Amino acid sequence: MIITSENMQLLRKLQSSDLETLKYSKAGNRTSIKLGLINEQYGFCAYSERFIKQTDSVHIEHFYPKGEYPNKEDDYMNWYAVLAWMNEHK
């Protein structure tokens with residue numbers, strides 16, 4: 001299976017989300033962001049479309065990496081929950 005960012009485009013972001021007020025740059029927010037994304041994605045990994053288990057390691061993936069898209073905001077619209085293994089082997 002080839003993993004691409006196209007999978008993430010299929011996930012719809014909510015019109016209004018509590019996550020919109022959070023900043024990734026604050027380390028304390030990352031757990032809240034991760035849990036919120038898992039919930040909003042109905043427990044699916046954005047890359048593999050597998051269910052995320054409670055024991056799985058999960059990363060917050062940035063659809064537009066900062067270095068590649070410096071004019072894009074790093075905010076809710078750019079974040080997706082992904083299985084760590086999938087993120088490391090994309």
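## Aromatic pairs

In this predicted model, the aromatic pairs number 4. One of them joins Tyr24 and Trp79, whose ring centres lie 6.4 Å apart with 45 degrees between the planes, a tilted arrangement. Tyr24 belongs to the loop between α1 (6–9) and α2 (29–40), while Trp79 is in strand β2 (residues 79–83). With 55 residues separating the two, the pair links distant parts of the chain. Trp79 has a relative accessible area of 0% and is therefore buried, the limit being under 20%.

A single aromatic cluster is formed by Phe63, Tyr64 and Tyr80.

## Charges over rings

Two tyrosine rings named above also carry a charged group. Tyr24 has the charged end of Arg30 over its ring, 4.2 Å from the ring centre. The ring of Tyr80, a member of the cluster with Phe63 and Tyr64, has the charged end of Lys13 over it, with 4.2 Å to the centre.

## Helix α2

Helix α2 consists of 12 residues. From first C-alpha to last it reaches 16 Å, close to the expected 16 Å at 1.5 Å a residue. After the helix comes Tyr42, which has a positive phi, near 55 degrees.

The buried residues in α2 are Asn29, Ile33, Gly36, Leu37, Ile38 and Glu40. An α-helix has 3.6 residues a turn, so positions three or four places apart point the same way. The cover over the buried residues of α2 includes the strands β1 (58–62) and β2.

Definitions and conventions:
Residues numbered from 1 in each chain as written. Predicted model: local features only at pLDDT ≥ 70, side-chain atom pairs only at ≥ 80, totals over all residues. Heavy atoms only, no water. Phe/Tyr/Trp six-rings, centres within 6.5 Å; stacked < 30°, edge-to-face > 60°. Helix = DSSP H or I, 4+ residues; strand = E, 2+ residues; numbered from the N terminus. Buried < 20%, exposed > 50% of the residue type's maximum accessible area, 1.4 Å probe, protein only. Lys NZ or Arg CZ within 6 Å of the ring centre and 35° of its normal. Expected span 1.5 Å × (residues − 1). Contact = heavy atoms within 4.5 Å.
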